[in-house]
Amino acid sequence: MEYLKLNNDVKMPVEGLGTFLMSPAEAEAASLAALEAGYEHIDTANAYMNEKAVGRAIAKSGVARDKIFVSTKLWPSVYEAGDAAIEGTLNRLGLDYVDMLILHQPVGNYLAAWKTMEKAYKEGKVRALGLSNFPQEKIAEVIDHAEIKPQLVTVECHPYFAQSDLREYLSQYGIVIEAWYPLGHGDKGLQEEPVFTKLAEKYGKAPVQVILRWHVQMGTSIIPGSKNPAHIADNADIFDFELTDEEMAEIAKLDGTKKYYEATEEALAGYLAIKPDFDAQE
């Protein structure tokens with residue numbers, strides 16, 4: 001495993017397991033498989049409705065708590081719930097603290113939520129703070145109001161959309177980009193790009209592994225999701241080779257080709273209206 005040093009000196013594994021769209025049973029099994037394969041980071045969220053399952057996997061794994069980096073996200077419906085939102089999250093995970101707490105969507109009273117997260121950070125319940133899906137102007141708004149600046153921003157990021165402008169903006173604060181769907185939402189076209197098939201053959205790897213390696217060398221945190229134990233293990237088999245500067249430059253030529261998601265105002269308003277009972281999850 002390789003690590004990123006966050007701007008508050010916390011050490012974060014560069015790769016983790018994402019559990020988006022996994023049922024509780026799937027998330028528990030995948031998390032156990034990941035921890036058995038040597039992963040040190042598991043990512044979940046209130047809205048995934050599988051925090052309890054991830055917590056069960058951590059407890060069953062036998063891996064020491066300080067060897068697992070746990071990240072989760074607060075949903076907008078609890079942004080104004082204050083301490084109760086964070087206590088609920090910790091209780092569902094069965095943990096005394098999380099390593100990374102992230103605001104999931106840029107709607108609702110996210111500035112109030114950030115203040116609550118800062119309080120939890122100072123109390124030792126959270127080791128690092130992040131934002132998810134926030135556009136640059138709203139990231140700037142949080143930074144302007146924050147006592148503790150974000151350590152991480154998680155966004156769509158892949159070779160077709162490398163987030164070059166955002167990456168440059170965040171670099172002045174030492175904020176790490178985390179890529180959700182680092183493989184372009186499983187786009188076979190991305191994996192079949194000639195540059196990746198050529199490099200896969202050169203290094204004896206799969207195109208997926210070359211793409212994930214590109215992310216790592218870009219300094220990006222990655223959380224690929226898989227329910228298949230073999231794929232989970234393969235996704236982590238990326239630390240025994242290194243792409244050259246020339247190869248990284250060749251991959252960079254793909255940037256700007258395609259973006260898969262666009263958050264409309266209508267969609268964001270819809271997120272604000274969704275108010276799940278997070279404690280009802282299995």
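**Exercise 1.** In this predicted model, how are helix 8 and helix 11 oriented to each other, and why?

Solution. Helix 8 and helix 11 are roughly antiparallel to each other, because their packing angle falls in the range over 145 degrees. The angle between helix 8 (residues 194-203) and helix 11 (residues 245-252) is about 155°, and their axes lie 10 Å apart. The crossing of helix 8 past helix 11 is left-handed. On the helix 8 side, the contact is formed by Val195, Phe196, Lys198, Leu199, Lys202 and Tyr203. On the helix 11 side, Glu247, Glu250 and Ile251 take part. Sorted by class, the residues of this contact comprise 5 nonpolar, no polar and 4 charged.

**Exercise 2.** Find the angle at which the axes of helix 8 and helix 9 cross, and classify the pair.

Solution. The axes of helix 8 and helix 9 (residues 207-217) cross at roughly 100° and come within 8 Å. Since 65 to 115 degrees counts as roughly perpendicular, helix 8 is roughly perpendicular to helix 9. Next, list the residues that meet: Phe196, Thr197, Leu199 and Ala200 belong to helix 8, while Pro207, Val210 and Ile211 belong to helix 9. The class count for the contact of helix 8 with helix 9 is 6 nonpolar, 1 polar and no charged residues.

**Exercise 3.** Decide whether helix 5 and helix 6 are roughly parallel or roughly antiparallel, and describe their contact.

Solution. Begin with the geometry: the axes of helix 5 (residues 136-145) and helix 6 (residues 164-171) cross at roughly 15° and come within 11 Å. Angles under 35 degrees count as roughly parallel, so helix 5 and helix 6 are roughly parallel to each other. Helix 5 passes helix 6 in a crossing that is right-handed. Gln136, Ile139, Ala140 and Ile143 of helix 5 make the contact with Asp165, Leu166, Tyr169 and Leu170 of helix 6. The contact of helix 5 with helix 6 contains 6 nonpolar, 1 polar and 1 charged residues.

**Exercise 4.** Which residues of the largest nonpolar core touch the most other members?

Solution. The largest nonpolar core has 84 residues, and those touching the most other members are Leu74, Leu103 and Ile139. Helix 9 supplies the largest share of this core, with 6 residues. Now take isoleucine 139: leaving out residues up to four places away in sequence, isoleucine 139 touches Leu131, Phe134, Val153, Leu166, Tyr169 and Leu170.

**Exercise 5.** Are proline 13, histidine 104 and glutamate 266 buried or exposed?

Solution. Proline 13 is in strand 2 (residues 11-13). Its relative accessibility is 4%, so proline 13 counts as buried. Beyond neighbours within four places in sequence, proline 13 is in contact with Met1, Glu2, Tyr3, Glu40, His41 and Phe69.

Histidine 104 is located in the loop between strand 6 (100-103) and helix 4 (110-122). With 7% relative accessibility, histidine 104 also counts as buried, the cut-off being under 20%. Not counting residues up to four places away in sequence, the residues that histidine 104 touches include Ala45, Tyr48, Lys73, Leu74, Trp75 and Asn133.

Glutamate 266 lies in helix 12 (residues 265-273). A relative accessible area of 69% is over 50%, so glutamate 266 is exposed.

**Exercise 6.** How many Å separate the C-alpha atoms of glutamate 266 and leucine 243?

Solution. Along the chain, glutamate 266 and leucine 243 are 23 residues apart, and their C-alpha atoms are separated by 41 Å. For another pair, proline 13 and alanine 30, the separation is 17 residues in sequence and 18 Å in space, C-alpha to C-alpha.

Technical notes
Residues numbered from 1 in each chain as written. Predicted model: local features only at pLDDT ≥ 70, side-chain atom pairs only at ≥ 80, totals over all residues. Heavy atoms only, no water. Axes fitted to C-alpha atoms, helices over the stretch in contact; angles between N-to-C directions. Helix = DSSP H or I, 4+ residues; strand = E, 2+ residues; numbered from the N terminus. Left-handed = near helix turned anticlockwise from the far one by under 90°. Contact = heavy atoms within 4.5 Å. Nonpolar A, V, L, I, M, F, W, Y, C, P; charged D, E, K, R; others polar. Core = buried A, V, L, I, M, F, W, Y, C linked by side-chain atoms within 4.5 Å. Buried < 20%, exposed > 50% of the residue type's maximum accessible area, 1.4 Å probe, protein only.
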